[in-house]
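The entries below follow the order in which I looked things up.

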Amino acid sequence: DLTKEADVIVIGDIKEVESRWSMGRTTINTYVTLSVENYIKGGEGQETLTIITQGGSKWGFTVWVEDTPVFTKNEKVLVFLKKAGREFSVAGWAQGKYIVENEDVRDISGEKVSLKDFLRRVEDAMPPQDAVTPVRTQTAQASPEAPGFEMVLGSIGVLAVWWRLKK
């Protein structure tokens, strides 16, 4: 299942696509810069991610790898990604890339489904610990049950001790 296999699931815009020779010029890989619009699973909050795919074209040479997803600059995508060092690869190869058009997503076969329904299915397939936690807003109230409350109390305690030692 792609949802379980993926470390990160995001919606974003393709900003750059660049093919490069590997060291030793034995193969060509394509580096894709993705500007993240929305994290659905995982992630560390980066604004951009780099996706590496096998194959590409460079200096008149083309390496084509079956089932490798192809990205196009300015395309909006929903992708299932696996961590690969500092970069990412696409989980499930071409099956892990969906094109987002208006309020729909389209897979490699061209089949469209509503983005809202697709996201609901992805979220239903996610274990609870993998779901993205909503960001706390400025209007959140501090209470003993709120995350970080102990940190506030601890900081106040440290300041009180420091102030007392300074006297």
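**Fold and salt bridges**

I read the elements of the protein from the N terminus on, and they run α-β-β-β-β-β-β-β-β-β-β-α-α. That gives three helices and ten strands, where helices (H or I, at least four residues) and strands (E, at least two) are DSSP runs numbered from the N terminus.

I noted the basis before going further: this is a predicted model, in which local features need pLDDT of at least 70 and side-chain atom pairs count only at pLDDT 80 or more, while totals for chains, interfaces and linings use all residues. Residues are numbered from 1 along each chain as its sequence is written, and side-chain values use heavy atoms, with hydrogens and water left out.

I then looked up the totals for the protein. Buried residues make up 31% of the 167 residues, with buried meaning under 20% relative accessible area, exposed over 50%, and partly exposed in between (1.4 Å probe, protein chains only). The accessible surface comes to about 11,400 Å², of which 53% belongs to carbon and sulfur atoms; the areas come from the Shrake-Rupley method with a 1.4 Å probe, and for residues only the protein chains shown count as cover. Of the contacts (heavy atoms within 4.5 Å) with a separation of 6 or more, 55% are between residues 24 or more positions apart.

Next I turned to charge pairs. Side chains of opposite charge can pair when their charged atoms come close. How many salt bridges does a search of the whole structure find? The search finds six, a salt bridge being a side-chain nitrogen of Lys or Arg within 4 Å of a carboxyl oxygen of Asp or Glu.

I looked at the pair K76 and E37, whose side chains meet in a salt bridge at 2.9 Å, N to O. This pair links distant parts of the chain, since K76 lies in strand β6 (residues 76-84) and E37 in strand β2 (residues 28-41), 39 residues apart. K76 is partly exposed at a relative accessible area of 28%, and E37 is partly exposed at 48%.

I also checked R106, which forms a salt bridge with E101, the closest N and O atoms being 3.0 Å apart. Salt bridges that share partners join E101, R106 and K112 into one network. R106 is partly exposed at 25% relative accessible area, and E101 counts as partly exposed at 26%.

Last, I recorded E18 and R20, whose side chains meet in a salt bridge at 3.5 Å, N to O. E18 counts as partly exposed at 30% relative accessibility, and R20 counts as partly exposed at 35%.
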